[in-house]
Amino acid sequence: MEFSRRLKLQKMAAECRKDALLMVQAAHSGHLGGSLSVMDILTVLYFSAMHVDPDHPDDPDRDRCVLSKGHCTPAMYSILSRKGFIPHDELKTFRNIDSNLSGHVEMTGIPGVDMSAGSLGQGLSAALGMALAAGIDGRSYKVYCILGDGEIQEGQIWEAAQVASHYGVSNLTAIIDNNRIQLDGFTDRIGGISKITEKFRAFGWNSIEIDGHDVEKIDVALSEAATQKLAPTAIIANTVKGCGVSFMENNPKWHGNVPTEEEFKLAFEEIQSTIDHLELLRIGATQ
């Protein structure tokens, strides 16, 4: 990956982290930790890998993205906004009673959302259905499903994984945001699934493990998934919950907490410092 392209993706992810922070602070509600951990993944998906057009959000040949960990709306809405699906100014209405930007992603009123989310564990089944439909309809689009590592404790995930392998649904890619924390604490203390890469491989999937904050490695993994012809792909992206804000990182407290005014100020300054640093690198690279 070219240095300039890598910087562009890193800066976009940082800008979206700032959006997410502002949204949660304005609403006094929302899930920051998992939104920050999945941001690099969504950035590479929407700004590098996926075939989507905000001017034609219902294009039958568009790629699909199912946010199965559907409460991470601060991440998804910021990405959709900066991609051009929704006005950026609308982000300030996040979780308002009369806003379309609800706490879980919804297809109604939000272009670019391919599945309404609710109880976790359902997204892979829906994504599998979309991917199978592509084959039935003779279309070439790809389907991506974003899963949480706590979420894959659900049995429905593994039923869908088994069926996807059985039918060789190679246009389906599952990306696991493996931040090792769920609502009540660390996944390994609650019932988390160990050896995720090996488990998907045992279910017949092409299985890749990467650093989920390295935009180049994410891009390479997605490119590899796109070449598969016989099996679905699982990308196990090792991430840090709260990534980008040092005092939130790897801390279960930030699954759904809202920062105090002082915490908000510290978080905002840290993210903005990252953005400024990446902009200086970009300018230096062009001189």
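These legends go with close-up views of a predicted model. Local features need pLDDT of at least 70 and side-chain atom pairs count only at pLDDT 80 or more, while totals for chains, interfaces and linings use all residues. Residues are numbered from 1 along each chain as its sequence is written, and side-chain values use heavy atoms, with hydrogens and water left out.

**View A. Helix α1 against helix α9.** Here α1 (residues 3-27) and α9 (residues 261-286) have axes that come within 9 Å and cross at roughly 160 degrees. That makes the two roughly antiparallel (angles over 145 degrees get that label). The contact of α1 with α9 has 13 nonpolar, four polar and seven charged residues. For these classes, Ala, Val, Leu, Ile, Met, Phe, Trp, Tyr, Cys and Pro are nonpolar, Asp, Glu, Lys and Arg are charged, and the others, Gly among them, are polar.

**View B. Helix α2 against helix α8.** The axes of α2 (residues 33-49) and α8 (residues 215-226) come within 10 Å, crossing at roughly 55 degrees. So α2 is oblique to α8.

**View C. The largest pocket.** About 270 Å³ of space sits in this pocket. On a 1 Å grid over the protein atoms alone, a pocket is an open set of points with protein on both sides within 12 Å along at least five of seven lines; a cavity is a set where a 1.4 Å probe fits but cannot get out, and lining residues have an atom within 4 Å of a point. Of the 17 residues lining the largest pocket, L120, G150, E151, Q182 and H255 are the closest to its centre. By class, the lining splits into four nonpolar, eight polar and five charged residues.

**View D. The cavities.** The count comes to two cavities of 30 Å³ or more. The largest cavity holds about 60 Å³, and its lining includes Y46, R62, F85 and D114. The second largest cavity holds about 30 Å³, and strand β1 (residues 64-67) gives the most to its lining, with three residues. That lining divides into seven nonpolar, one polar and one charged.

**View E. An aromatic pair, Y77 and F94.** The whole structure has six aromatic pairs (Phe, Tyr or Trp rings, Trp by its six-membered ring, with centres within 6.5 Å; planes under 30 degrees apart are stacked, over 60 edge-to-face and the rest tilted). Y77 and F94 have ring centres 6.1 Å apart and planes at 70 degrees, so the pair is edge-to-face. Y77 lies in helix α3 (residues 73-83) and F94 in the loop between α3 and α4 (123-137), so the pair ties together parts 17 residues apart in sequence.

Note on methods: Axes fitted to C-alpha atoms, helices over the stretch in contact; angles between N-to-C directions. Helix = DSSP H or I, 4+ residues; strand = E, 2+ residues; numbered from the N terminus. Parallel < 35°, antiparallel > 145°, perpendicular 65-115°, else oblique. Points joined across faces, edges and corners; volume = space filled by probe spheres on them.
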